[in-house]
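Subject: Handover of the structure, with notes

Dear colleague,

Please find below the structure that I am handing over to you. My notes on what was found in it follow directly after.

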Amino acid sequence: MSLSSLTLLRITTVLSISLLVTIAAADRVVAADARSNGQLDVATIQRHCETIESFVGTYCLDCHSAGDPAAEFDLESFNFSPDQFSQRRFRSEPWEKILRRIHTRQMPPPDAERPSEDEYETAIGALAAALDDRAKAFPRPGRTSAIRRMTRWEYQNAIRDLLAIKVDVTDWLPQDESSHGFDNITVSELSPTLLSRYLTAAQQISRLAVGREGRGPMGRTVRVPADRTQETHVEGLPLGTRGGVLFSHVFPQDGEYEIELRLTRDRDEKVEGLNEPHDIDVLVDRRRVHRFGVKPPPDRQDYTHADTHLTARIQVTAGQHDVGVTFPEKSASLMESKRQPFDARYNRHRHPRITPALFQVSIVGPFDGRVGDTESRQAIFTCRPTEGEDPTTCAENVLRRLMRRAYRRGITEDDLESPLWFFKQGFEEGGFDAGIESALTSVLVNPNFLFRIEQQPRETRRGQPYPIDQFELASRLSYFLWSSTPDETLLDLAERGRLKDNGVLGQQVSRMLGDERSQSLVNNFAAQWLYLRNLDSITPDLRLFPDFDDNLRDAFRRETELMFGDIVENDRSVLDLIRSDHTHLNERLARHYGIPHVFGSHFRRVDLDPASHRGGLLRHGSILTVTSYATRTSPTIRGHWILKNILGTPPPPPPPNVPNLEEKTTLSTTSVRERLAQHRADPACASCHDLMDPVGFALEHFDAVGRWRQWDGTLAIDSQGSLPDGSEIAGVAELEAGILERPEVFVGTLSEKLMTFALGRGIRHDDGPAVRRVVRLAEENDFKFSAVIEGIVTSTPFQMRTAE
């Protein structure tokens with residue numbers, strides 16, 4: 001029984017009104033002047049400023065002087081007076097800009113007179129100390145948005161932890177827009193269209209989680225990517241099978257479900273690879289529940305009904321189950337082929353399938369459903385009303401506990417008013433379970449669940465930094481490390497006011513990193529930082545790279561995810577992301593890399609021979625592919641990626657109307673290096689390409705799909721390049737060594753990326769002291785991942801907020 005139109009209208013109305021009230025409360029401000037109790041050692045700041053001014057006067061004024069200063073940055077008239085460090089309106093931006101340039105050794109430029117390493121270190125130390133001392137005395141934690149909607153990924157994880165149910169919400173909720181490299185930043189709005197999507201998701205999820213009787217069948221279709229090769233074993237399915245798909249599905253009730261299969265067809269509507277009879281097994285939790293048979297039509301022409309009979313009804317118990325559909329493997333003799341055999345087999349003309357492949361699986365049901373004993377029902381129904389008892393009492397207990405997790409704070413009587421209204425409406429229509437389902441739907445669209453809300457204390461003055469409360473800190477911590485709602489441990493500590501106690505926060509960080517939910521740092525943070533999400537949109541030119549398919553795309557992603565996951569799980573040094581003597585491979589990826597003796601579909605750690613040219617991130621097929629064009633490598637894109645994501649020194653955006661790089665033609669054989677050199681001859685292009693291209697050249701031995709090569713057609717590969725500090729490098733090994741020569745640069749960049757993700761806002765110049773503190777703490781602990789995380793969660797920007 002569905003909710004009535006009146007109930008749906010009330011949900012939407014209550015949500016809209018609640019959202020307006022929430023925004024008004026969260027943005028509450030009392031105007032007053034900002035003050036600080038900070039104290040600065042004036043004599044120390046004086047010495048630091050003198051050191052900095054001397055360095056700039058000696059090495060920087062030739063280019064950055066009045067008249068026509070380089071990059072429009074005039075240092076000749078720059079104010080180096082120490083007095084400004086005690087002023088409330090101190091501008092840290094130009095000072096941080098100078099510090100970053102000399103810290104990465106970008107300035108002075110390589111062709112100018114350069115200071116000694118001791119002079120560099122002295123100037124860097126003085127400038128960093130002055131800025132850090134200023135930040136301690138006058139903290140500027142920055143201001144995140146007062147309300148921030150959960151992203152699609154966070155919503156899915158929160159449902160998992162709240163209701164003990166794993167659902168794929170991509171069918172209901174659209175992808176979130178990305179800003180500053182992450183999708184959890186531009187999430188302060190909720191359009192009417194998106195509100196409707198959330199309402200649909202809440203209804204479907206509540207129905208799946210409660211699983212009450214009296215509801216009609218539900219349907220879901222899972223489609224296999226068109227470029228997925230299905231000639232070999234799929235990890236997770238039984239040995240002796242090939243192809244197919246494995247996915248998790250929620251069966252809301254015990255009962256009968258209909259499963260329907262369709263096979264892949266070519267553009268002539270013929271079932272590809274169906275040249276002889278084949279069996280197809282349907283499995284639930286690895287147990288076969290049905291076997292289909294399929295065979296080619298007698299005339300081998302009309303395939304209209306070749307797979308229309310692939311429908312069956314099966315009995316399944318309620319709850320989360322792994323559903324598999326696969327083909328029992330058939331032995332075959334060696335096939336004679338006039339073409340080079342490829343691992344990829346999905347294209348009729350270039351590499352056709354030799355056996356049938358699964359196109360989609362549809363599940364509909366239940367048709368005779370009965371309430372089952374599922375994990376989600378156990379998580380929801382912590383009590384049942386006894387005979388003669390007012391059901392509202394039990395409903396209130398159920399809802400209060402769920403809402404505490406959902407709203408991430410203590411629950412008031414006002415909070416309960418609306419869900420209990422919906423409970424009573426549902427109870428009248430269909431009993432206790434229907435009432436709870438209705439109330440749960442209202443909770444899942446309530447602003448207190450959809451939005452993370454940080455309220456400003458009434459007594460806070462304008463522009464004043466203040467500590468966020470402990471419930472808000474618990475939410476920041478859980479959404480940073482788990483991309484999900486806080487658990488009971490965090491909420492209990494916050495409620496008792498103990499989350500900020502000495503040692504408690506560090507203990508919670510260790511506990512949370514050891515929890516399997518920290519995998520979200522891999523699937524959410526690393527997937528965005530390292531552009532792994534871009535892999536789905538990448539398809540190299542199949543004429544040049546005919547062995548590329550979705551299997552290889554997925555293997556690229558898994559290799560990088562497993563490396564980052566190993567860093568998190570085993571608390572290794574983050575520097576191992578740059579240089580590693582091992583990687584994670586399955587047979588498909590090992591064959592692509594040319595690494596022998598790796599067999600099977602499962603991934604495993606493989607110790608590497610230096611001759612394999614594999615190891616750290618910069619050697620991963622995932623990174624190398626997303627930073628290439630469909631037809632060739634791009635030193636420019638690869639160099640830009642390294643500068644932005646590894647070294648933290650992204651080049652400025654390109655000027656308007658810059659011409660594209662002239663591509664190679666059949667009449668001229670020129671290398672990418674030569675064509676880029678012609679491109680850099682334009683002064684408008686050289687300002688950026690002189691920074692990006694030399695770094696990207698170091699990766700030229702890897703082609704556009706990450707394979708090692710010595711030749712580009714008939715041209716020998718030249719991997720000579722340089723780092724932003726002017727250091728000459730040749731190849732990926734020297735690039736890695738150059739990055740690790742000053743590890744604090746890479747660790748600082750990683751810290752900035754993690755802090756951006758943790759705070760949900762872009763990093764500002766005022767955050768520089770906090771980032772440097774994280775790097776110092778990490779260095780004291782051998783750059784272990786947990787040390788970086790603990791430095792961030794104990795930082796001023798993470799624990800405080802600036803009043804509007």
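Does S331 count as buried or exposed? At 77% relative accessibility, S331 counts as exposed, where buried means under 20% relative accessible area, exposed over 50% and partly exposed in between, with a 1.4 Å probe and protein chains only.

Before going further, please note that this is a predicted model, in which local features need pLDDT of at least 70 and side-chain atom pairs count only at pLDDT 80 or more, while totals for chains, interfaces and linings use all residues. Residues are numbered from 1 along each chain as its sequence is written, and side-chain values use heavy atoms, with hydrogens and water left out.

Two loop positions

S331 sits in the loop between β8 and β9 (358-365); helices (H or I, at least four residues) and strands (E, at least two) are DSSP runs, numbered from the N terminus. Between the C-alpha atoms of S331 and A733, which are 402 residues apart along the chain, there is a separation of 44 Å. V371 lies in the loop between β9 and α7 (375-380), and at 32% relative accessibility it counts as partly exposed. Not counting residues up to four places away in sequence, V371 touches G211, R212, E213, D254 and R377, contact meaning heavy atoms within 4.5 Å. V371 and G255 are 116 residues apart in sequence, and their C-alpha atoms are 8.9 Å apart in space.

Strands

Strand β4 (residues 255-263) and β7 pair in the antiparallel sense over six bridges, two strands being counted as paired if DSSP finds at least two bridges between them.

Strand β5 (residues 278-284) has six of its seven residues buried, so it is largely enclosed by the rest of the structure. It pairs in the antiparallel sense with strand β6 (residues 287-294) over seven bridges, and D279 stands opposite G293 in β6. These two strands form a hairpin with two residues between them, and D285 in the turn has a positive phi of about 55°. β5 also pairs in the antiparallel sense with strand β8 (residues 319-328), over four bridges, and V282 has V325 as its bridge partner in β8.

In strand β12 (residues 582-585), H582 and H584 point one way and T583 and L585 the other way, and all are buried. Strand β12 runs antiparallel to strand β13 (residues 604-607), to which four bridges join it, and T583 stands opposite V606 in β13.

Nonpolar cores and a buried helix

In soluble globular proteins, nonpolar side chains tend to be buried together. A nonpolar core is taken here as a set of buried Ala, Val, Leu, Ile, Met, Phe, Trp, Tyr and Cys residues joined through side-chain atoms within 4.5 Å. The largest such core has 95 residues, of which F480, F525, W529, F564, L735, F746 and F785 touch the most other members. Helix α23 (residues 743-759) gives the most to this core, with nine residues. A second, separate core of 51 residues includes A158, L420, A439 and V443.

Helix α14 (residues 504-513) has seven of its ten residues buried, so it is largely enclosed by the rest of the structure. The buried residues are V504, L505, G506, Q508, V509, M512 and L513, and what covers them includes α12 (470-481), α13 (488-495), α15 (520-529), α16 (550-569), α25 (785-793) and α26 (796-799).

Cavities and a pocket

On a 1 Å grid over the protein atoms alone, a cavity is a set of points where a 1.4 Å probe fits but cannot get out, and a pocket is an open set with protein on both sides within 12 Å along at least five of seven lines, lining residues having an atom within 4 Å of a point. Grid points are joined across faces, edges and corners, and a volume is the space filled by probe spheres set on the points.

The structure holds six cavities of 30 Å³ or more, and about 130 Å³ of space lies in the largest cavity. Its lining divides into five nonpolar, four polar and two charged residues, where Ala, Val, Leu, Ile, Met, Phe, Trp, Tyr, Cys and Pro count as nonpolar, Asp, Glu, Lys and Arg as charged, and the others, Gly among them, as polar. Among the lining residues of this cavity are T104, Q106, D725 and R742.

The second largest pocket has a volume of about 1,300 Å³, and of the 39 residues that line it, the closest to its centre are E96, R100, G648, E752 and V771. The lining of this pocket divides into eleven nonpolar, twelve polar and 16 charged residues, and α3 (93-103), α4 (117-137), α23 and α24 (768-780) each supply at least two of its residues.

With kind regards
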